[in-house]
Structure formats: structure tokens, C-alpha cells
Amino acid sequence: MESICPIDSQFSREISALLEPPSVHQQQEYFDNLIRTRQYRGLKVKHNGELGKGVYADLDFGEGELVLKDQMLVGAQHSSNKIDCLVCSYCFRFIGSIELQIGRRLYLQGLGVSTSNGCVRETFSHNLLNHCQADLSEDIDNSYMEELDELKECTSSSSEVKVPLPEGVAESLMNGESSLPYSEKFPLPSTIACSGGCGEAYYCSKLCAESDWESSHSLLCTGEKSESISREALSKFIQHANETNDIFLLATKAICFTVLRYKKLKTAHLREQEKFTSSIVLKNDDLPLLLEAWKPISMGYKKRWWDCIALPDDVDSCDEAAFRAQLKELAFTSLKLLKEAIFCKGCEPCILSIFSLEIYGHIIGMFELNNLDLVVASPVEDYFLYIDDLPYPEKKKAEEITRPFLDALGDDYSIPCQGTAFFPLQSCMNHSCCPNAKAFKREEDRDGQATIIALRPISKQEEVTISYIDEDLPFDERQALLADYGFRCKCSKCSEEEP
């Protein structure tokens, strides 16, 4: 498939260097340092001649024991999920209050807000921020309750039909003007708005806000303090991603991460030069600095997105070439919008190579092959379960207030935060159809980190494996699904079941 992006040929040397797989020594050094700095206990990344790198136990793990909590390199909440869940844009912890979570969701649903035209923008953000940190001490007034009692008679909490609340009730709850019983038992971090003024990103702490700004959001913020070149172009890029495939947003975070990291390394490099000479000689070739900035992304296994994505069931094999060409064109459209939004013409030429279609396609492909679903359980679910478990007198009194809200939410009341993310160490774990570990969120795991739990005892020096697919499927179906990852499974289960 020929290139349709001129940058691919113009910067072929830089692109080849960026896509050159790291040596075994470079990978070992990187992951040893990652494990040491993040203080991961009892794990080691080692190389196997047949399977490449893998994660191995460096001590014994018991069944059900935590093997790993891996911090993501980049992650993104699905755009469609932003109506249902208000979470920290960096660590994906739920924020605000139970009242804010429920009220905001019902208020947005009542407005008919859609995410198809971009990220959910808090048009009411001024009121939200004024009230989300307030002491929610006022009960819902009696006039509202009389109307809610009438609605309660027409439905049940398990009804598939959502019963709308009287006008103003959801907004009152969202803005902190009313409170729910026992909500203080489910405290959430206060809401901190993006310093760039975008009204789209909120955080659980100043640390998360600063970390996100430094890693990618400073270039992706649509607010007045954004460091993007064109906020209008950026909005068009975001809209295109939301209307087509939000994996583009994840890939863009990786590009911004690399660009900002490069700029930080370049600044430090120039300061170091100043110590030894009064005049700084700028070199035209800053590729070594770019490669260092790119290093965390370079460690992930990559293939072009349009080459590695599985052919959908509704696409005939005779149309495969056209299908993959359409994906490539789609990625190129996304890339052009992104470049117009954040690439500065005054930037060093080597930075332009990051905006090549070849690099963009490989980044998206890396996420397609290595990403993990990002799921954080909703405290709203915990809240309603707590109300349901109250002893009878307290339960009856509480449900007079909470039941109408539950009926308005319907069966979807328990929707978690959902997205996708790339985790550097988890992505090194190889597949097995009889794995000894799995991704599993425990009760205390309330942020976006990947949590890996031992399914059975794991001995020291044993490889830690997870399943990329449903391991209960028949042999042929498993192999067909795994073919999309580029390998044929030869685990003990497949060896026994192979015809």
C-alpha cells in the first residue's frame, strides 16, 4: 500500500530510526528501571527467544494475590461515557459527590446532550464548580417530594423504562442545592477544573491536573490558555475522532507526550551546554533527543493499524484491500487535522517525523494490539446497593428520596467509567489459554491503573500470563481470534485440544 503522506518520504531516516525495535539490552534496561522506580514487587521482564519479552515472577504469589498495579502511559475515557461518569481526566477516579454524579448525568440526559460533536463540555461548569465542593446539607424540598412520590407509584427500580424527574430536581442535585441520605458514606475527591479553561477536563487533585497538563493536555486543551496552534483545528480533530474512532484521541496523547517530552529534554540539553560554552551551537540533527523522548512508546509492539485490525464479519474477503485502504485514508484525515492543530512551523524539523502517517499508523496499531479496557466501578452503584441493604425502617425512609432517582437512571444506574489505555508492563504479558493471572479490579481499586491478580499459585521464575481472549471458546475460535494478534497459540491447553 503506497504512502499518501509526503512526510513519510521526506523524513524516512528519522521514521526508520523511530520504528527500529529496541535491542534486547535497551528493553531490559528500560523495564528494569521502570520496575525499580515504580517499586513493583516481585516481577522481572525477561526475553524468550521464541516469544520475545515476557513478565516473570521474581517471588512466589499465592492464589488471589495482587501481582501488579500498573500505571498507564496514556489513557482516555470513551467519549460516549463522559455523560454517564465524571472522572479525573488523568487517573480516572470518580470525583465530586454522589449528588453531582447522579444530578449531572440526569441533567445532561434531560438536555439531550450528545458526545458525537466532541467532548462533553460542561456548559454549566461555573455552577458545577461553585457547588461541587459545598457542604450538601439541604434536603430536597417537600414540593419536589410530592411529585416524586407520584412517580414512584408508576415504576420500580428495576424497570427498563426511565421515569423523568420533575423539572429542576436534577439540576438542584447537581448544583449542591439538595442532598441524598447517607451520601456522606461515599466521599469523593473534590473537583478541580483544567487550568487552561477548556471546561472539558476535571481532576481529583492539583497533582493530577499538573501531570496531565505536562504530559499531553497542554497541547490538547481547547481553552484560552491552550498551547495548541489552532483551537479551532483542534476542535475539528476532536470532533472527527468522536465521530469515527476515539482510538485517535489515545494515539494523539502519545504524540503529545513525545513532543512535550522532547521539548523538555531539549531545554535541559541546552542548559547543560551553557555550562561549558558562552555561545550555544544549535545542531540540525536532534534525532538522539527525539529517540529518547520516544523511548516509552518504542517499547510497545507495533504494526500498522490498517494492516493489523481484524477484518469485520460484514466485509467480504474480496473487499479487504478496499477496507484497509479506507482505514488508511481515515487515519490520514485524522493526522492532517491533528498536525494543523498542534504542529508549530517553527519547531525543529525532526519533530515533523512524529506527524508522519507511518508513525501515526504504528502508534494506533500498538494500541489496537496492546491496549487494555479501562474500567472503574461507579460509586453510584455502591450507593444504591448500600441503600438497598439498610434495615427496614431506615431503608423505607431513604428510598422515599432515592427511589425516584434510581427510576430515572433506569437499569443503567451502575455504568462504570469506561475507556482504553496502554500499560507498559501489562502490555509485556504474554497470552495463554490457561493463564495464571488476570486483570481484575478489587473493591479498593478505584482508579484507572491495571490490576493483575493471580488465578492460582505462581512460583518464582514462572512466567506470568494472561488471556487476550475468552479462553473458554473452542480451539478453532480461539486460534482465529489470536491470529489477529499475529501468532498461533501453543499453550498446554491448545496443544492438548489441537486436532
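Predicted model: local features only at pLDDT ≥ 70, side-chain atom pairs only at ≥ 80, totals over all residues.

Modeller: Here is a quick chat about the fold, the cores, a pocket and a cavity.

Biologist: How many helices and strands does the chain have?

Modeller: 18 helices and 12 strands, taken as DSSP runs (H or I, at least four residues; E, at least two) and numbered from the N terminus.

Biologist: And how much of the chain is buried?

Modeller: 52% of the 499 residues, where buried means under 20% relative accessible area with a 1.4 Å probe, protein chains only.

Biologist: OK, which residues have the most contacts inside the largest nonpolar core?

Modeller: F237, F248, F355, Y360 and F367, in a core of 60 residues. Helix α10 (residues 247-274) brings the largest share, 12 residues. A core here is a set of buried Ala, Val, Leu, Ile, Met, Phe, Trp, Tyr and Cys residues joined through side-chain atoms within 4.5 Å.

Biologist: What does F355 touch, beyond its sequence neighbours?

Modeller: Skipping those within four places in sequence, the contacts of F355 include C5, I7, I255, V259, L335 and F343; contact means heavy atoms within 4.5 Å. Another core lies apart from that one, with 38 residues, L409 and Y413 among them.

Biologist: Switching topic: what lines the second largest cavity?

Modeller: L409 and Y413 again, along with others including D84, F94, R105 and S378. Helix α4 (residues 98-111) gives the most, three residues. The volume is about 60 Å³. On a 1 Å grid over the protein atoms alone, a cavity is where a 1.4 Å probe fits but cannot get out, while a pocket is an open set with protein on both sides within 12 Å along at least five of seven lines; lining residues have an atom within 4 Å of a point.

Biologist: Then how much space lies in the second largest pocket?

Modeller: About 950 Å³, counted as the space filled by probe spheres set on the points. Of its 32 lining residues, Q71, L73, Y90, S215 and F257 lie nearest the centre.

Biologist: Which element gives the largest share of that lining?

Modeller: α8, with seven residues. Helix α10 also turns up among the elements giving two or more.

How values were computed:
Residues numbered from 1 in each chain as written. Heavy atoms only, no water. Buried < 20%, exposed > 50% of the residue type's maximum accessible area, 1.4 Å probe, protein only.
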